Amino acid sequence: QVQLVESGGGLVQPGGSLRLSCAASGMIVSIYTMGWYRQAPGKQRELVANSISGGRIYYADSVKGRFTISRDNAKNTVYLQMNSLKPEDTAVYYCNADRPWSPRNTYWGQGIQVTVSS
């Protein structure tokens with residue numbers, strides 16, 4: 001019953017901005033740890049940012065200062081604002097929800113393409 005649907009990706013020039021959205025159903029965003037991952041061709045999936053329901057936020061060093069993760073609990077949606085985009089940000093981005101209590105279930109969106117190219 002849990003579904004995570006990403007939107008907002010696409011093609012953008014270097015230095016541009018995009019905002020990714022993750023709309024959740026079947027679970028409550030406000031009480032889960034929510035995160036964004038990405039996977040570039042030939043590379044392993046990596047954690048970009050996550051937000052723990054208690055308020056702690058993590059960013060990968062490669063995106064710190066450029067990306068911002070946020071929640072809109074009323075809309076049950078998580079966002080990733082991406083500024084000053086670089087070609088190396090090109091990847092498929094995945095929304096993730098992790099239940100912080102036992103049993104610790106994890107859910108994934110289908111992924112959305114972000115391409116940064118001039």
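Biologist: In β11, which residue is the bridge partner of alanine 91?

Modeller: This is a predicted model, in which local features need pLDDT of at least 70 and side-chain atom pairs count only at pLDDT 80 or more, while totals for chains, interfaces and linings use all residues. Residues are numbered from 1 along each chain as its sequence is written, and side-chain values use heavy atoms, with hydrogens and water left out. Strands are DSSP runs (E, at least two residues) numbered from the N terminus, and two of them pair if DSSP finds at least two bridges between them. Strand β9 (residues 91-98) pairs with β11 in the antiparallel sense over three bridges, and the partner of alanine 91 in β11 is valine 114.

Biologist: Which residue of β11 is the bridge partner of valine 12?

Modeller: Strand β2 (residues 10-12) pairs with β11 in the parallel sense, over three bridges. In β11, valine 12 has as its bridge partner valine 116.

Biologist: Why does asparagine 96 count as buried?

Modeller: Asparagine 96 has its place in strand β9, and a polar atom of its side chain lies 3.4 Å from the backbone oxygen of tyrosine 107. Leaving aside neighbours within four places in sequence, asparagine 96 is in contact (heavy atoms within 4.5 Å) with residues including Leu4, Met34 and Trp108. Asparagine 96 counts as buried because its relative accessibility is 6%.

Biologist: Which residues touch the most other members of the largest nonpolar core?

Modeller: A nonpolar core is a set of buried Ala, Val, Leu, Ile, Met, Phe, Trp, Tyr and Cys residues joined through side-chain atoms within 4.5 Å. Of the 30 residues in the largest one, those that touch the most other members are Trp36, Leu80, Met82 and Tyr93.

Biologist: What is the order of the open sheet of four strands?

Modeller: The edge strands of this sheet, each pairing on one side only, are β1 (3-7) and β7 (67-72). Five bridges join β1 to the antiparallel strand β3 (residues 18-25), where serine 7 stands opposite serine 21. With antiparallel pairing, the order is β1-β3-β8-β7.

Notes:
Buried < 20%, exposed > 50% of the residue type's maximum accessible area, 1.4 Å probe, protein only. Polar contact = N/O pair within 3.5 Å; in protein donor to acceptor, adjacent residues only side chain to side chain.
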